[in-house]
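Here are my notes after a pass through this one. Have the viewer open while you read, and go point by point.

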Amino acid sequence: MGKEFLKIKESGDAKKIIGDLFEKYYPPESESVKLSDSLNRVLFNDIESRIDFPPFNRALKDGYAVKVEDTYGASEESPNIVKIVDVVEAGDFSDKTLKLGECIQISTGAPMPEGAEAVEMVEFTDLDDEGNVNLFKSLTPTQEIGQKGSDIKKGNKILSKGELLTPSKIGVIAAQGISEVDVYKKPKVGIISTGNELLDNDELIIPGKIYDVNSDMLKTGADAAGSDAKTLGIIKDDYDSIKNKINSSIKDFDVVLVSGGTSAGVGDNLRSILDELGCVYIHGITVQPGKPTLVGVIDGKIVIGLPGNPVSALVIFNMFVVPSLEKLAGIKVDENKNTFTGPITKRIHSPIGRMQYQLVRIKNDGVEPIFKDSGAIFSLATADGYTKVDKNIELVDEGEIVTVTLFK
Ligand SMILES: Nc1nc2c(c(=O)[nH]1)N[C@H]1C(S)=C(S)[C@@H](COP(=O)(O)OP(=O)(O)OC[C@H]3O[C@@H](n4cnc5c(N)ncnc54)[C@H](O)[C@@H]3O)O[C@H]1N2
Ligand code: MOO
């Protein structure tokens with residue numbers, strides 16, 4: 001005899017239950033990482049500038065540091081002449097104070113000497129044999145100088161908690177002499193596939209068997225949602241083997257995803273295992289695909305049973321699990337941003353009582369539904385997104401305007 005779906009939930013209620021469980025069991029935590037390893041991590045704290053940037057007035061061009069008065073009226077036909085009194089390169093400094101009639105040879109990035117007001121670029125000068133410089137161009141004060149603090153002022157907030165670290169933001173932090181940053185800790189996700197029919201991708205195919213799609217698909221999906229995910233292998237449809245695997249996995253992982261065996265039939269063990277080990281909060285969500293989804297908690301760890309069918313597994317994972325993983329990893333997502341609105345090009349029939357996530361492709365500004373079963377993984381790979389059909393709607397007619405949530 002099969003088991004009933006006794007804890008079946010509406011889609012909105014299921015989202016709330018899962019969100020609340022994540023909040024209850026996993027408060028966001030931080031960890032310190034090397035700046036060079038911080039790409040795509042999320043800042044856990046605001047960052048305030050510790051120094052001005054640039055930290056000193058510096059030359060923006062190679063040339064000569066001068067008093068601007070010495071350049072007035074200068075031209076190639078009638079150059080003004082100044083005498084070189086020092087040379088300063090990047091990383092060095094000059095202890096001379098520049099006076100009228102003098103110049104200091106300067107490299108890009110070198111600190112401006114005291115008394116210098118601008119930099120005459122080397123291409124507008126000529127050096128004579130006696131070490132005098134002919135200046136060809138009139139300058140205004142601060143020309144070709146990067147002013148101290150002009151980019152970043154000391155004591156200002158330069159990056160905010162919650163910002164995703166990109167190469168440019170990492171550059172800003174590096175300019176402050178900061179080598180480690182506090183970021184949101186990645187949730188650790190363990191992934192188990194169950195089924196006697198499953199083979200590892202490197203095994204030889206034999207009759208009755210199929211390759212395990214869900215392990216690598218869900219691992220990369222969880223990684224993309226900011227997690228640190230690991231595949232834990234294929235387990236046969238055997239009560240004790242699955243139970244033992246889940247029991248050992250919850251010790252090492254925050255969240256355990258188990259695919260297969262979620263349904264209510266004979267041989268579908270997951271519901272009973274979760275009942276035995278902990279507490280089941282959801283068994284069944286009124287959606288299509290993915291109805292048999294299971295959510296339970298064992299020793300303070302969330303275990304999610306995803307339907308074995310790969311499309312169902314990924315749709316449920318994306319809709320119900322990814323938002324909580326992203327939140328825990330500090331990632332902010334604006335769901336309303338990625339939408340497209342247009343007419344549906346073929347009529348959709350939908351099951352009454354289940355909210356349907358209909359996979360679609362965008363074609364010539366129209367929305368084309370993809371009609372395949374939940375095991376057809378290629379349909380998901382070629383879809384641009386999905387449109388939701390409410391549980392009370394049986395038919396969406398050709399030409400009706402629908403909103404599509406686009407995949408990232
Ligand atoms: N009496 C009922 N039977 C079923 C119901 C129901 O409500 N009442 N729901 C159906 C729906 S909907 C789904 S979805 C499936 C979910 O079943 P399970 O979670 O128990 O998954 P399995 O039976 O183990 O597998 C289903 C299907 O997917 C293939 N599979 C499983 N794991 C993988 C994997 N890692 N990689 C690739 N493919 C996988 C498996 O071979 C089966 O073909 O239940 C329906 N039945
Ligand atoms: O609802 Mo099941 O997830 O279609 O195949």
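1. A definition before anything else: Ala, Val, Leu, Ile, Met, Phe, Trp, Tyr, Cys and Pro count as nonpolar, Asp, Glu, Lys and Arg as charged, and the others, Gly among them, as polar. On that scheme, the shell around ligand 1 has 14 polar, eight nonpolar and four charged residues. Keep in mind that this is a predicted model.

2. Who sits around ligand 1? In total 26 residues surround ligand 1, and the closest are Asn214, Gly260, Thr262, Pro307 and Gly308.

3. Ligand 2 has a shell made of Gln288, Pro289, Gly290, Lys291, Pro307, Asn309, Ser312 and Ser374. By class, that shell has five polar, two nonpolar and one charged residues.

4. The peptide bond from Gln288 to Pro289 is cis, with omega near 0 degrees.

5. Pro54 falls in the loop between strand 2 (47–48) and strand 3 (58–59). For context, most peptide bonds are trans.

6. While you are at that end of the chain, look at Asn40, in the loop between strand 1 (30–34) and strand 2. Asn40 is not a glycine, yet its phi is positive, near 65 degrees. Most residues other than glycine have a negative phi.

7. Now a helix pair. Helix 3 (residues 214–224) and helix 6 (residues 310–328) pack at an angle of about 25 degrees, their axes 11 Å apart. Angles under 35 degrees count as roughly parallel, so helix 3 is roughly parallel to helix 6. The crossing is right-handed.

8. What makes the contact between those two helices? Helix 3 brings Asn214, Met217, Leu218, Gly221 and Ala222, and helix 6 brings Pro310, Ala313, Leu314, Phe317 and Leu325. By class that contact has eight nonpolar, two polar and no charged residues.

9. Last, the overall picture. The chain has seven helices and 28 strands. Its radius of gyration is 32 Å, well over the 22 Å that the globule rule gives for 408 residues, so the chain is more spread out than a compact globule. Along the principal axes, the C-alpha atoms fill a box of roughly 105 × 50 × 45 Å.

Terms used. Residues numbered from 1 in each chain as written. Chains lettered and ligands numbered in written order. Predicted model: local features only at pLDDT ≥ 70, side-chain atom pairs only at ≥ 80, totals over all residues. Near = placed C-beta within 6 Å. Axes fitted to C-alpha atoms, helices over the stretch in contact; angles between N-to-C directions. Helix = DSSP H or I, 4+ residues; strand = E, 2+ residues; numbered from the N terminus. Parallel < 35°, antiparallel > 145°, perpendicular 65-115°, else oblique. Left-handed = near helix turned anticlockwise from the far one by under 90°. Contact = placed C-beta atoms within 7 Å. Rg over C-alpha atoms; globule rule 2.2 N^0.38 Å.
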